[in-house]
Amino acid sequence: MNSFIINSPLDMHLHLRDDDMLKLVGPFTSRHFSGALIMPNLLPPITTKEALLAYKQRIKEVCKDDEFEPYVTIFFQVDYPYEFLKDIKDEIIAVKLYPFGVTTNSETGVSSMDVEVLRPTLESMSKLEIPVCIHGETKGFIMDREKEFLPIYESLAINFPDLKIIMEHISSKESIELLKKYDNLYATLTVHHLMLTLDDVAGGMLNPHAFCKPIVKRPEDRKALQELALNAHPKVMFGSDSAPHRKETKECDDGAAGIFSSSIALQALTQLFDENEKLDNLNAFISLNAQKIYGLKPIDKSIKLIKKDFVVPSQYSYKEERVVPLFAEQTLSWSINT
């Protein structure tokens, strides 16, 4: 097959940042995706309707040349009143829960994952049918943080059976086992967790641009994740977790966690599915599953990819902002037809 069409691609976990960084990275998504779920961990985090609507407007202004819908979220707090969530329900498609300090800009995240502490907000969300998206990691040993969080996922699934719970960017085979156990658990999968292992981060020379949280793991974890994605399991969907940081804040003594993949996501996924003779499942993984899970009707948009080498640029820039993409200076076997 020398060409392939993806219909209404959706990125269900995306960081666009703000200001000049938003202007740099936003169009990479809006040109080639029908919509994306935008995460709210700005500084300060988005916790009010006014801040939410203002941010959505800034995204639309940056992406105004494209047919694109930003699906926005609000930052989880334990004391959201029911009436507030009811009022904002039509503006959001989920609430994003960050445990305290586990990732970028999560210093105002939830300090206790005790069910009773979370119950008031989660019960309101359950009644209003608002999904919760969770970055599921503890502060334990870095390779075990996601596995250590699984009992929390299980407790939430049991205590809130009517709440749709999205296990964001899962990275381990143990997470897959839990995902399949409960009807109200779903998950996003990233390009980097599907294509990298820890060897790509630190197996040779340290590669800061492949460093993320949760960190990419063992070959057996990658294989298990690939099996889910390549067969378009109905409980998983594509979410890039593309998280741009300035080149200077990645290449330093305390480099930031986050991988920028928006510019290469479609090409890399098409290559992966093609190599495994699973292209027939790509549309389900990158669009149809998310539509069913979230009840979306995305903008009708067809993106054609052709089997032609694509050399990933070494970096992208806008004014003072510079970001290095995943697979920088490497060659992918598929290109977006422009």
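Tutor: Let us begin with lysine 96, which lies in strand β5, residues 94-97. Keep in mind throughout that this is a predicted model.

Student: Is lysine 96 buried or exposed, and which side chain of opposite charge is nearest to it?

Tutor: Lysine 96 is buried and yet has no salt bridge, since a salt bridge needs a side-chain nitrogen within 4 Å of a carboxyl oxygen, and the nearest side chain of opposite charge, that of glutamate 168, is 5.7 Å away. The side chain of lysine 96 does make a polar contact, at 3.2 Å, with the side chain of tyrosine 98.

Student: How many salt bridges does the structure hold, and what does the pair of lysine 56 and glutamate 69 tie together?

Tutor: The structure holds 14 salt bridges. In the one formed by lysine 56 and glutamate 69, the closest N and O atoms are 3.6 Å apart; because lysine 56 belongs to helix α2 and glutamate 69 to strand β4, the pair ties together parts that are 13 residues apart in sequence. Lysine 56 is buried, with a relative accessible area of 15%, whereas glutamate 69, at 23% relative accessibility, counts as partly exposed.

Student: Which residue forms a salt bridge with glutamate 248?

Tutor: Glutamate 248 pairs with arginine 322, and their closest N and O atoms are 2.5 Å apart. Glutamate 248 lies in helix α10 (residues 247-250) and arginine 322 in strand β13 (residues 321-323), so this bridge ties together parts that are 74 residues apart in sequence. Glutamate 248 is partly exposed at 36% relative accessibility, and arginine 322 is partly exposed with a relative accessible area of 30%. Elsewhere, salt bridges that share partners join Glu116, Arg119 and Glu123 into one network.

Student: How should I read a helix, and how many residues of α11 are buried?

Tutor: An α-helix has 3.6 residues a turn, so residues three or four places apart point the same way. Helix α11, residues 265-275, is mostly covered, with 10 of its 11 residues buried; among them are Leu266, Leu269, Leu272 and Phe273, together with Gln267, Thr270, Gln271 and Asp274. Just after α11, glutamate 277 takes a positive phi of about 55°.

Student: Which residues are the closest to the centre of the second largest pocket, and which element supplies the largest share of its lining?

Tutor: The second largest pocket has a volume of about 370 Å³, and Arg17, Asp18, Leu42, Leu43 and Asn105 are the closest to its centre of the 21 residues that line it. Helices α1 (19-30) and α2 (49-62) each supply at least two of the lining residues, and the largest share, four residues, comes from α2. The lining of the second largest pocket is made up of 10 nonpolar, five polar and six charged residues.

Technical notes
Residues are numbered from 1 along each chain as its sequence is written. This is a predicted model: local features need pLDDT of at least 70, side-chain atom pairs count only at pLDDT 80 or more; totals for chains, interfaces and linings use all residues. Side-chain values use heavy atoms; hydrogens and water are left out. On a 1 Å grid over the protein atoms alone, a cavity is a set of points where a 1.4 Å probe fits but cannot get out, and a pocket is an open set with protein on both sides within 12 Å along at least five of seven lines; lining residues have an atom within 4 Å of a point. Grid points are joined across faces, edges and corners, and a volume is the space filled by probe spheres set on the points. Ala, Val, Leu, Ile, Met, Phe, Trp, Tyr, Cys and Pro count as nonpolar, Asp, Glu, Lys and Arg as charged, and the others, Gly among them, as polar. Buried means under 20% relative accessible area, exposed over 50%, partly exposed in between (1.4 Å probe, protein chains only). Lys and Arg count as positive and Asp and Glu as negative; His and the chain ends are not counted. A polar contact is a pair of N or O atoms within 3.5 Å; within protein, one must be able to donate a hydrogen and the other to accept it, and residues adjacent in sequence count only if both atoms are side-chain atoms.
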